[in-house]
Amino acid sequence: MEIGLNQSSTDGFILLGIFSHSQTDLVLFSAVMVVFTVALCGNVLLIFLIYVDPRLHTPMYFFLSQLSLMDLVLVCTNVPKMAANFLSGRKSISFVGCGIQIGLFVCLVGSEGLLLGLMAYDRYVAISHPLHYPNLMSQRVCLQIVGSSWAFGIIDGLIQMVVVMTFPYCGLREVDHFFCEMLSLLKLACMDTSIFENVIFACCVFMLLLPFSIIVASYARILGAVLHMRSAQAHKKALATCSSHLTAVSLFYGAAMFIYLRPRCYRAPSHDKVVSVFYTVLTPMFNPLIYSLRNREVMGALMKGLDRRRIVNQH
């Protein structure tokens with residue numbers, strides 16, 4: 001038994017995955033890969049448009065480019081490994097690879113959650129204080145917002161990754177998930193991790209409720225400002241500029257709260273895996289679609305790029 005424990009310290013893990021090789025699961029796997037491809041292309045395209053079009057060089061689109069970058073890295077953290085394991089029939093992941101997945105996942109989810117919260121503040125300033133917007137949301141402030149979001153996520157990811165990977169693991173080392181999800185991995189630890197899990201739960205509450213409280217406070221002020229507007233066109237413009245962000249917030253926070261804020265007795269691996277697919281694959285796909293299809297400026301930049309390409313091809 002002692003030899004087994006020693007051997008287990010840096011051995012890899014087995015990811016049980018979410019798909020079998022049944023006909024239904026093959027169709028579902030194909031659907032996930034289509035969604036992954038759309039998410040990949042959509043986020044790359046959105047980042048490119050924001051970079052090349054001067055009309056999109058505003059604070060809102062700068063934040064949106066960072067959100068797309070986070071989604072891009074998030075969708076590439078877990079899905080390629082899941083696809084490789086499914087297609088090859090191998091379900092293994094190295095100890096180091098597992099640690100990297102945990103660190104990146106926690107980092108990106110934390111950074112994205114905080115950035116979504118601070119983007120609500122940006123919308124509040126744009127609608128409630130339009131004349132002071134250039135000063136209140138200067139380049140320096142924008143860099144501080146983005147930098148603090150990344151720093152918050154990176155520090156949190158590093159801490160959780162180091163702590164989780166220092167626990168001893170033994171037994172079959174089978175992770176009941178399609179990636180090295182921290183809570184699923186902790187079930188394999190050879191020691192009591194309940195204290196750490198309670199700390200993680202408290203951290204999740206803080207990480208989710210702090211940005212969420214910023215969002216609620218910002219939109220409460222926005223609602224107050226909109227109700228005082230006399231112009232129907234101003235009403236419509238204010239609601240349009242917030243609707244995309246509210247949709248993205250609902251998708252992200254709905255899934256994250258379902259996973260991490262439920263009591264332990266209500267957790268089921270099958271439910272967690274399905275919801276994890278939602279916010280690791282579907283949400284990164286929806287975000288660029290939400291912000292482009294419902295946004296005239298982004299669609300205008302896309303049409304301008306396509307027209308330019310058509311003219312070049314004609315010559």
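Predicted model: local features only at pLDDT ≥ 70, side-chain atom pairs only at ≥ 80, totals over all residues.
The model was read with local features taken at pLDDT of at least 70 and side-chain atom pairs at pLDDT 80 or more, while totals for chains, interfaces and linings use all residues. Residues are numbered from 1 along each chain as its sequence is written, and side-chain values use heavy atoms, without hydrogens and water.

**Overall fold**

The protein has eleven helices and three strands, where helices (H or I, at least four residues) and strands (E, at least two) are DSSP runs numbered from the N terminus. Along the sequence their order is α-β-α-α-β-α-α-α-β-α-α-α-α-α. Of the contacts with a separation of 6 or more, 78% join residues 24 or more positions apart; contact means heavy atoms within 4.5 Å. The accessible surface is about 16,200 Å², and carbon and sulfur atoms hold 69% of that area (Shrake-Rupley method, 1.4 Å probe; for residues, only the protein chains shown count as cover).

Among the 315 residues, 46% count as buried. Buried means under 20% relative accessible area, exposed over 50%, and partly exposed in between (1.4 Å probe, protein chains only). The largest nonpolar core has 87 residues, of which Phe 13, Val 164, Tyr 169 and Leu 185 touch the most other members. Such a core is a set of buried Ala, Val, Leu, Ile, Met, Phe, Trp, Tyr and Cys residues joined through side-chain atoms within 4.5 Å. Helix H4 (residues 95-128) gives the most to this core, with 16 residues. Leaving aside residues up to four places away in sequence, Val 164 touches Ile 102, Tyr 169, Met 182, Leu 185, Leu 186 and Phe 196.

Phe 196 is also one of the buried residues of H8, which include Cys 204, Met 207 and Tyr 219. Helix H8 (residues 194-227) has 34 residues and spans 48 Å from first to last C-alpha, close to the expected 50 Å, which is 1.5 Å times one less than its number of residues.

**Single residues**

| Residue | Relative accessibility | Class |
|---|---|---|
| Tyr 51 | 66% | exposed |
| Arg 173 | 7% | buried |
| Asp 156 | 13% | buried |

Asp 156 is in helix H6 and touches Val 106 and Met 207, not counting residues up to four places away in sequence. Arg 173 lies in the loop between helix H6 (139-166) and strand E3 (174-175), and its phi is near 55°, a positive value in a residue other than glycine. Most residues other than glycine have a negative phi. Tyr 51 is found in helix H2 (residues 23-52).
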